[in-house]
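Here are some short notes for a colleague who is about to look over this model. Please read them with the structure open.

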Amino acid sequence: MTNEPAKSPTAAELEPANNGHVSLVELGVTLFRIGATSFGGLWAGTRKLEKELVQKKGWLTVEEQRALMVAATLIPAPKFLSFGGMVGFRLRKWPGSIVALFAILAPPALLVLVGAIYLNPQLLGGPMPTISRAVGVGVIGLLFGNALHQIRSTKVPGKERVIGIVLGVSVASAAIMGVPLIVAALVGLILGVCFIRRGKDKSK
Amino acid sequence: MNDSPVGFLEIMAVIFVSSLFSVGGGNGPLAVIQDRWVNPGLLEPSLFAWALALGYLSPGPKAGFLSGIGYYMYGLPGALAAIIGIILPALFGAAAVSYWFDRLQPVIRRISLPAGFVIAGMISAAAWNLAKPMALAPAEILVAAGISILIVWRNLEPAIVVIGAAIVGFVWWATG
C-alpha cells in the first residue's frame with residue numbers, strides 16, 4: 001500500500017504522458033476493467049492502477065498518478081471515483097470524466113443491484129435472516145473499525161488530537177440523541193477548523 | 001416503487017449532499033442514509049446492512065452499494081438516481097480540482113484535518129443506529145468489537161469480514 005504524499009509535480013503542472021489519441025471507448029473499457037478487478041479501495045489498488053494506466057496504457061506517469069491520488073482525497077466524493085474522474089478529465093475533459101466515472105462505478109453498482117434484486121433478505125426464507133444478522137454484526141464491526149481508522153490516520157499534535165476525539169464523540173452523541181446529522185457534522189467541521197490547525201492527514 | 005414516499009430527485013439530492021462528507025476518504029453517505037431513511041423507517045435496517053454488505057463484497061469503488069440503496073427506495077429508477085447522485089460531485093470535483101488544484105489545496109487541507117474526526121463521529125453514529133434495533137447479544141458485541149480491532153490494527157479486508165460473517169451465519173443456522 002502506498003501512502004506517501006506526492007512531492008513531485010502537482011496535477012495542475014503535469015501533462016498526461018500519452019493522451020493524444022485516447023478514445024472514449026478505450027477509456028471506458030480500461031476504467032471498467034479497473035473497477036471490476038480492484039479490491040480494497042483506492043490505496044489498495046495503487047499497483048493495479050499503475051499497471052493499467054502507467055505501464056500498459058502510458059496515459060499517466062508515476063508522478064502524475066501519485067499527484068492525482070493525492071488530489072482525489074481533496075474532493076468531497078469517494079476517493080476512487082474522484083481519481084477516475086480526474087483521469088478521465090485529464091485525458092478527454094468533460095466527456096472523458098463522465099465516461100470514466102460511469103465505467104469505474106459500473107462493476108460494483110451492477111453487482112450490488114443484481115444482489116439487491118435477487119438476494120433480497122426479506123423475500124428469502126431459510127438461512128437468510130440468520131446470515132443477514134451475522135453480516136449485520138460484521139458490518140457494525142467494520143463501521144466502528146473505519147471510525148477508529150479515521151481517528152488513527154489523522155495525525156495531529158496531542159492537545160488538538162484530544163479536541164478532535166471530543167469533537168468526533170460530540171458529533172456521534174448529538175446524532176444519536178436526535179440532532180440532524182448534517183447539522184451536527186457542519187457544526188463539528190466549523191469548530192474543527194477553528195481549533196484543529198496543525199498536523200497532517202496520514203491517509204494522504 | 002410507486003408507493004415510495006421518496007422519489008427520484010430526493011434520492012439523487014440526498015446522495016449528492018451526503019457525498020460532501022466524504023472528503024478525506026470518509027464514507028459520508030452511510031451516516032446520512034442512516035439519518036434520512038433508516039431512522040425514520042423508510043428503509044429497513046436489514047436491507048441497508050445487506051446493500052452495504054454487497055458493496056463490501058464487490059470490487060471497485062465502495063460507493064457501488066448506493067445502487068442497492070436506491071433500488072430498495074425506488075426500484076431501478078432509484079438505483080439510477082443514487083448512481084447519478086454520487087457521480088455528480090465526483091464529476092464537478094474532479095473538474096474543479098484539475099483546474100484549481102494549487103489554489104484549493106490550502107483551504108481543503110484545513111478542512112480535511114477536522115474532517116477525519118467529524119467523519120469518525122458520523123460513522124460511529126451510523127454503526128450505533130444500525131446496532132440498536134438489532135439488540136445485540138453480549139457475544140455479538142464482542143465479535144463486532146473484535147472485528148473493529150482487526151480492521152484498525154491488522155488492516156483486515158472488508159470482503160473477508162463480510163464473507164466470513166455470511167459463512168458463520170449459515171453454519172449457525174445449519175447447526176442451530
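Is the crossing in which α5(A) passes α3(B) left-handed or right-handed?

1. This is a predicted model, in which local features need pLDDT of at least 70 and side-chain atom pairs count only at pLDDT 80 or more, while totals for chains, interfaces and linings use all residues. Residues are numbered from 1 along each chain as its sequence is written, and chains are lettered from A in the order in which they are written.

2. The crossing is right-handed (the near helix is turned clockwise from the far one by less than a right angle). α5(A) and α3(B), residues 45-57 of chain B, pack at about 140°, with axes 9 Å apart. Axes are lines fitted to C-alpha atoms over the stretch in contact, and angles run from 0 to 180 degrees between N-to-C directions.

3. From α5(A), Pro108(A), Leu111(A), Val112(A), Gly115(A) and Ala116(A) meet Ala51(B), Leu54(B) and Gly55(B) of α3(B); contact requires C-beta atoms, placed from the backbone, within 7 Å. These residues divide into six nonpolar, two polar and no charged (Gly counts as polar).

4. The whole contact between the chains takes 93 residues from chain A and 94 residues from chain B. On the side of chain A, α1, α5, α6, α7 and α8 each supply at least two residues.

5. In α4(A), residues 62-72, nine of the 11 residues are buried, so this helix is largely enclosed by the rest of the structure (buried: 20 or more other C-beta atoms within 10 Å of the residue's own). Among them are Glu64(A), Arg66(A) and Leu68(A).

Notes
A residue is buried if 20 or more other C-beta atoms lie within 10 Å of its own, exposed if 12 or fewer, and partly exposed in between; C-beta atoms are placed from the backbone. Helices (H or I, at least four residues) and strands (E, at least two) are DSSP runs, numbered from the N terminus. Two residues are in contact if their C-beta atoms, placed from the backbone, lie within 7 Å.
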